[in-house]
Amino acid sequence: MFTHTAEAFVPAAHAECVGEQVRVRIHDYCLTIHTSGTHWLLDFGDGRACLKATREGLRVRIKARDLVTFYGIRTILQGCLLAAAPEAVSAMAWQLATNPSGQARDTLAGSRRSRPCGV
């Protein structure tokens, strides 16, 4: 059971490309990455992150079993987002996730890899 959960929104004009760049940059830190369309599920073992591209930007949700893993995932994600979209990260604010089945889903219909966007 994941006890630490938070979500954030990153405003970005090309959210799908930002999400793809994050996927490429964070690859070495994850156990697995599942891609389905504009959804990316990043599995870190004791935690996971889900990214979902929308028209307005990128929705990010983090879940972890312990606080150290939670902040570790959050730090890595913020670094990758800063490299991918420096202007958008300043508007990013983390909030406690109120709806476990809300904006960003943990399950994906299929897993496939898409080509990097401008990486």
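This is a predicted model: local features need pLDDT of at least 70, side-chain atom pairs count only at pLDDT 80 or more; totals for chains, interfaces and linings use all residues.
User: Which residues of the largest nonpolar core touch the most other members?
Analyst: Residues are numbered from 1 along each chain as its sequence is written, and side-chain values use heavy atoms, with hydrogens and water left out. A nonpolar core is a set of buried Ala, Val, Leu, Ile, Met, Phe, Trp, Tyr and Cys residues joined through side-chain atoms within 4.5 Å, where buried means under 20% relative accessible area, exposed over 50% and partly exposed in between (1.4 Å probe, protein chains only). Among the 31 residues of the largest such core, those that touch the most other members are Leu42, Leu51, Leu58, Leu77 and Leu81.

User: Which element supplies the largest share of this core?
Analyst: Helices (H or I, at least four residues) and strands (E, at least two) are DSSP runs, numbered from the N terminus. Two or more core residues come from each of strand S1 (4-11), helix H1 (15-26), strand S3 (39-43), strand S4 (47-53), strand S5 (57-64), helix H2 (67-84) and helix H3 (86-89). The largest share is six residues, and the element that gives them is H2.

User: Which residues does leucine 58 touch, not counting residues up to four places away in sequence?
Analyst: Leu58 is one of the core residues that touch the most other members. With residues up to four places away in sequence set aside, leucine 58 touches Ala8, Phe9, Val10, Ala15, Val18, Gly19, Trp40, Leu51, Lys52, Ala53 and Leu81.

User: In what order do the elements of the protein chain run from the N terminus?
Analyst: The protein chain has three helices and six strands. From the N terminus on, their order is β-α-β-β-β-β-α-α-β.

User: Which residue in S6 is the bridge partner of glutamate 7?
Analyst: S1 and S6 pair in the antiparallel sense over two bridges. The S6 partner of glutamate 7 is glutamine 95.

User: Which glycine has a positive phi in the turn between S3 and S4?
Analyst: Four of the five residues in S3 are buried. Five antiparallel bridges join S3 to S2, and five join S3 to S4, with aspartate 43 opposite threonine 32 and also bridged to arginine 48 in S4. The S2 and S3 hairpin has two residues between the strands, and glycine 37 takes a positive phi near 60 degrees there. In the S3 and S4 hairpin, with three residues between the strands, the residue with a positive phi of about 95 degrees is glycine 45.

User: How many residues apart are arginine 61 and glutamate 7, whose side chains meet in a salt bridge?
Analyst: A salt bridge is a side-chain nitrogen of Lys or Arg within 4 Å of a carboxyl oxygen of Asp or Glu, and a search of the whole structure finds three. Arginine 61 and glutamate 7 are both buried. Their side chains meet at 2.6 Å, N to O. The pair links distant parts of the chain, with arginine 61 in strand S5 and glutamate 7 in strand S1, and their separation is 54 residues.

User: Is arginine 23 buried or exposed?
Analyst: Arginine 23 forms a salt bridge with glutamate 20, the closest N and O atoms being 2.5 Å apart. Both residues lie in helix H1, three residues apart, about one turn of the helix. Because its relative accessible area is 7%, arginine 23 counts as buried.

User: Which loop holds arginine 65, the salt-bridge partner of aspartate 46?
Analyst: Aspartate 46 is partly exposed because its relative accessibility is 39%, and arginine 65 is partly exposed at 40%. The side chains meet at 3.6 Å, N to O.

Notes. Contact means heavy atoms within 4.5 Å. Two strands pair if DSSP finds at least two bridges between them.
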